Amino acid sequence: NAYRLAVIPGDGIGKEVVPEGLRVLEAVSTKFGCVLNVDHFEFASCDYFQKHGQMMPDDWKTRIGGHDAIFFGAVGWPETVPDHVSLWGSLIQFRREFDQYVNLRPVRLMPGVPTPLANRKPGDIDFFVVRENTEGEYSSIGGRMFTNTEREVVIQETVMTRVGVDRVLRYAFELARRRGKHLTSATKSNGISITMPYWDERVEEISQGYPDVKWDKYHIDILTAHFVQHPDWFDVVVASNLFGDILSDLGPACTGTIGIAPAGNINPERKFPSLFEPVHGSAPDIAGQGIANPVGQIWSAALMLDHLGETAAAAGVVQAIEEVLSRPEYRTRDLGGSAGTADCGKAIADAILG
Ligand code: NAI
Ligand code: MG
């Protein structure tokens, strides 16, 4: 099959790890025969901002809206552009305008990656966090009253819509069904007594359509403890925007360094392109040295292939990452090795070609 990719490296190490992702995608097209037509874009970067006074051209939506997916590096260069300007002017626009209502993060223990969890080995931990990415606790409804007085009141509402809750739950149940395993829902309906019981009700209702998928639920507080103590219990974990934000940082933290973690911002209906990016940022402290770990970007390519329906290619990339990480000579500095960004990327591309 053939796909059109919009490639946006962004800033800092984004410009170093994206080429490694593309190198691996080239190997994938050779090995698996999918055609990837790549268009490169310089906007959504602080360099672009310095030249044009804004992060993106006014017609950015028509320029990349017709692509099958966006392959994104990282945005941010606080020395020249404040972070809230660079982030809100680019990544947040993509997520909202392209209705990427699922934030997907795999949590998988890879060989050669130090984990803070004792007695865990690769194979023990392998699950996904599915975070609602558009509503919930992250609403702009609220306000302040009696500001700077003793009577000061600050309110921010949580917004859950039936459409918004149901669609992310369905995505999670579908994923659990596809993996042949089970689903866990994060709740807090003992304390948050209106929205969270509603979330639970919708899980109950949607689950009727998936009689083959077993599911359970935990309150978010004990769930975070289980992530650390029993990560082997989980397969697909679905959560509201805030709870999912927390879990999707905690999961990857349990399984190693920020340099390897990937994320998908997904519009499952494919009405708009989905965006795949490493979890890390532009890392100004190591940018330009050729030492950044490219695995987060390359793993994001695997998530993208999976989303496009190229499941064999996606599995091939993950397997190649595991093969290469198990060899110390290809590990970058953050993993205790001395390989450069390109050494690691090239080794993964070679492993795919076999
Ligand atoms: P960061 O993720 O860029 O860096 C945090 C630490 O992790 C640094 O010490 C960095 O050297 C290290 N690190 C990150 N990725 C690495 C890799 N691939 N290999 C080896 N080490 C790696 O987060 P930070 O420093 O908070 O933010 C820097 C800039 O990135 C800011 O402008 C921020 O707004 C932006 N940012 C952008 C994100 C995105 O584009 N999605 C996400 C997070 C931050
Ligand atoms: Mg976060």
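Among the 22 residues around ligand 1, those that come nearest are Gly76, Gly259, His280, Gly281 and Asn293, where a residue counts as near if its C-beta atom, placed from the backbone, lies within 6 Å. This shell comprises 11 nonpolar, seven polar and four charged residues (Ala, Val, Leu, Ile, Met, Phe, Trp, Tyr, Cys and Pro are nonpolar; Asp, Glu, Lys and Arg charged; the others, Gly among them, polar). The model is predicted, with local features requiring pLDDT of at least 70 and side-chain atom pairs pLDDT 80 or more, while totals for chains, interfaces and linings use all residues. Residues are numbered from 1 along each chain as its sequence is written, with chains lettered from A and ligands numbered from 1 in the order in which they are written.

Turning to helix packing, helix α6 (residues 162–179) and helix α7 (residues 195–207) have axes 10 Å apart and pack at an angle of about 50°. Axes are lines fitted to C-alpha atoms over the stretch in contact, with angles from 0 to 180 degrees between N-to-C directions; helices are DSSP runs (H or I, at least four residues), numbered from the N terminus. On the α6 side, Val165, Asp166, Leu169, Arg170 and Phe173 meet Trp199, Arg202, Val203, Ile206 and Ser207 of α7, contact being C-beta atoms, placed from the backbone, within 7 Å. Six nonpolar, one polar and three charged residues make up this contact.

Helix α1 (residues 14–32) likewise meets helix α11 (residues 311–325), their axes coming within 10 Å and crossing at roughly 130°. That makes α1 oblique to α11.

Technical notes
Helix = DSSP H or I, 4+ residues; strand = E, 2+ residues; numbered from the N terminus. Parallel < 35°, antiparallel > 145°, perpendicular 65-115°, else oblique. Contact = placed C-beta atoms within 7 Å.
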